[in-house]
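Here is a short briefing to read alongside the sequence and the model. Please keep both in view as you go through the points.

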Amino acid sequence: MDRSLGWQGSSVPEDRTEAGDDKEYVGFATLPNQVHRKSVKKGFDFTLMVAGESGLGKSTLVNSLFLTDLYRDRKLLSAEERIMQTVEITKHAVDIEEKGVRLRLTIVDTPGFGDAVNNTECWRPVAEYIDQQFEQYFRDESGLNRKNIQDNRVHCCLYFISPFGHGLRPLDVEFMKALHQRVNIVPILAKADTLTPLEVERKKRKIREEIELFGIKVYQFPDCDSDEDEDFKLQDQALKESIPFAVIGSNTVVEARGRRVRGRLYPWGIVEVENPGHCDFVKLRTMLVRTHMQDLKDVTRETHYENYRAQCIQSMTRLVVKERNRNRDRSRN
Ligand code: GDP
């Protein structure tokens, strides 16, 4: 008898024995199913930040990634307004559902980043925003009602690098160095359709070298388990070698080889967003959504948030010791 619980075709084995196995069966093999059911019921959340100069295609890429129009009410500023604008942080949230699994996706955007004449320290508001989310979580976690904490911590930051420069610009280096201890940075080579395949390869290599040279710690994909199959290992290797992901975004659907695809239509042809021969869009989406979303959340919780929390506790302890010493000195005098 197969007592199916009715989701994703999973089945719970017999109470006492497994077919073909005379070992007694207790039932804890259903634990993964229980966890699965509970998580599906609760739903998932993910917060993605996009950063980089305006006009590099951040909003177009986010819309292409999640197939939603997250920027319906965005107001585009004139050049004059952009010079005056300081970096502001905006949040767009959307609930997406796929096969009964709910995902609450929050996109944190940083309009105004890199737009001013003087951009020194324009990473600061972004860093402050990330710290504020950690601070809020830390407070909620130490408070009375810890059950329903709203988690706004940023799990990943897609950092857009211009395809028109020679590798990283000083602003890119400054931003990534200021943020790499706070958030998982995934570097993106924007608007890859403006480069030839050879240029893409050269730029990617240069950017990787500079990341290394400047000691920037971008998000590290976890190592494969040694018992993974060869195909998986090769895919994983290809993913690691794709950094920075060269992407193309488009909000329009065009006709290519008799199929309707998301792409960009040029007088000389069509570039397809989801064609792996044209760019790394599919690799990026697979990584973000299918393979590494949970790891990005785990690293946020276990590394970035833990660093913040340890610093907080350290400075709180220092304050208490200082206060105690002051009181002791006072009572002596
Ligand atoms: P944002 O300011 O970084 O959010 O940039 P937008 O998404 O608003 O894009 C700015 C302009 O670049 C728009 O005209 C887009 O159509 C165009 N664009 C977006 N992605 C790409 C891309 O991958 N390649 C090219 N050539 N243009 C793009």
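Of the contacts in this protein between residues at least 6 apart in sequence, 66% join residues at least 24 apart. This is a predicted model, and its secondary structure comes to nine helices and 13 strands. Buried residues account for 39% of the 333 residues.

**Core**

- The largest nonpolar core holds 72 residues, and those with the most contacts inside it are Leu158, Phe175, Leu179, Phe245, Leu284, Met287 and Leu288.
- Helix α4, residues 124-142, gives the most to this core, with seven residues.
- As background, nonpolar side chains in soluble globular proteins tend to be buried together.

**Aromatic pairs**

- The count of aromatic pairs comes to six.
- One of them is Tyr219 with Phe221: the ring centres are 5.3 Å apart and the planes lie at 75°, so the pair is edge-to-face, the angle being over 60 degrees.
- Both Tyr219 and Phe221 are buried.
- Tyr266 and Trp268 also form an aromatic pair, a stacked one, at 5.0 Å centre to centre with 5° between the planes.
- Tyr266 counts as partly exposed because its relative accessibility is 25%, which falls between the 20% and 50% cut-offs.
- Trp268, with a relative accessible area of 71%, is exposed.
- Phe134, Tyr137, Tyr305 and Tyr308 form one aromatic cluster.

**Surface**

- The protein has an accessible surface of about 20600 Å², and 50% of that belongs to carbon and sulfur atoms.
- Val26, Phe28 and Leu31 make a nonpolar surface patch of about 360 Å².

Notes
Residues numbered from 1 in each chain as written. Predicted model: local features only at pLDDT ≥ 70, side-chain atom pairs only at ≥ 80, totals over all residues. Heavy atoms only, no water. Helix = DSSP H or I, 4+ residues; strand = E, 2+ residues; numbered from the N terminus. Buried < 20%, exposed > 50% of the residue type's maximum accessible area, 1.4 Å probe, protein only. Contact = heavy atoms within 4.5 Å. Areas by Shrake-Rupley, 256 points an atom, 1.4 Å probe, with all protein chains shown as cover. Patch = residues over 30% accessible without salt bridge, like charges linked within 9 Å, V, L, I, M, F, W, Y side chains within 5 Å. Salt bridge = Lys/Arg side-chain N within 4 Å of Asp/Glu carboxyl O. Core = buried A, V, L, I, M, F, W, Y, C linked by side-chain atoms within 4.5 Å. Phe/Tyr/Trp six-rings, centres within 6.5 Å; stacked < 30°, edge-to-face > 60°.
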